[in-house]
Amino acid sequence: MRVLIETATGLPVLLFTTGLVVAAGFWLLVALGVTTADAFDGDADLRAWGLGGAPVAVALSLLTLTAWLLALGAAVLLAAFGPTVAGSGLLRLPVAAGALFAAWRLTRFFVRPLHRPCPDEPAPSRSVRALDGDRGGLPHAPHHGADAPVPHGPHDRAA
């Protein structure tokens with residue numbers, strides 16, 4: 001347990017640990033209702049990184065958690081089975097960079113199924129009548145004939 005704590009609070013895993021604490025704090029604020037999970041969606045577009053399809057906070061939290069787990073596991077294995085202290089210090093940074101790359105690839109894989117339940121843009125509304133901008137928002141005149149829309153609103157049975 002001591003090795004795990006020392007590794008999580010040592011460089012370079014400390015960078016991922018800090019990001020994980022920030023992500024946990026954000027999700028605590030979401031749970032308390034202070035903010036929403038899609039609060040950062042207007043600020044960042046992750047489609048260029050292959051992470052589009054889920055809210056930004058979900059994708060980055062998943063990336064941070066995966067990178068932290070991979071970097072921590074690799075650093076513990078490196079400390080247990082790696083070369084001496086001097087050689088181990090030289091390998092820590094490339095191992096953390098490799099963990100970040102692997103986490104990015106895994107996050108891309110995990111985010112793809114989230115595209116359907118979390119679309120990037122809302123679906124177009126299916127209103128029966130379109131509003132006319134020239135007439136001050138009044139609805140169009142009703143259609144007559146076969147192409148007339150069928151009203152789907154509540155019916156007044158008293159009338």
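Figure 1. Trp-104 counts as partly exposed because its relative accessibility is 22% (buried is under 20% relative accessible area, exposed over 50%, partly exposed in between; 1.4 Å probe, protein chains only). What you're looking at is a predicted model, where local features need pLDDT of at least 70 and side-chain atom pairs count only at pLDDT 80 or more, while totals for chains, interfaces and linings use all residues. Residues are numbered from 1 along each chain as its sequence is written, and side-chain values use heavy atoms, with hydrogens and water left out. Search the whole structure and you'll find three aromatic pairs (rings of Phe, Tyr and Trp, the last by its six-membered ring, with centres within 6.5 Å; planes under 30 degrees apart are stacked, over 60 edge-to-face, the rest tilted). One of them is edge-to-face: Phe-26 and Trp-27, with ring centres 5.2 Å apart and planes at 75 degrees. Another is Phe-101 with Trp-104, whose ring centres sit 5.7 Å apart with planes at 45 degrees, so this pair is tilted. Phe-101 and Trp-104 are three residues apart in helix α4 (residues 85-111), which puts about one helical turn between them (helices are DSSP runs of H or I, at least four residues, strands of E, at least two, numbered from the N terminus).

**Figure 2. Where α2 meets α3.** The axes of helix α2 (residues 13-32) and helix α3 (residues 56-81) come within 9 Å of each other and cross at roughly 145 degrees (axes are lines fitted to C-alpha atoms, for helices over the stretch in contact, with angles from 0 to 180 degrees between N-to-C directions). On the α2 side, the residues that meet α3 include Val-13, Phe-16, Leu-20, Phe-26 and Trp-27.

**Figure 3. A closer look at Thr-17.** Thr-17 belongs to helix α2. With a relative accessible area of 17%, Thr-17 is buried. Set aside its neighbours within four places in sequence, and Thr-17 touches Ala-8 and Trp-68.

**Figure 4. Val-3, over in α1.** Val-3 is found in helix α1 and is partly exposed, at 45% relative accessibility. Although Val-3 and Ala-75 are 72 residues apart along the chain, their C-alpha atoms are separated by 9.8 Å.

**Figure 5. Stepping back to the whole protein.** Four helices and zero strands make up the secondary structure, in the order α-α-α-α along the sequence. Of the 159 residues, 21% are buried. Among contacts between residues at least 6 apart in sequence, 63% join residues at least 24 apart.

Figure 6. Confidence is lowest in helix α1 (residues 2-8), with a mean of 79, and highest in α2, at 92. Residues 128-134 have pLDDT below 50, and beyond near neighbours in sequence this stretch makes 12 contacts in the model.

Note on methods. Contact = heavy atoms within 4.5 Å. pLDDT = per-residue confidence, 0-100.
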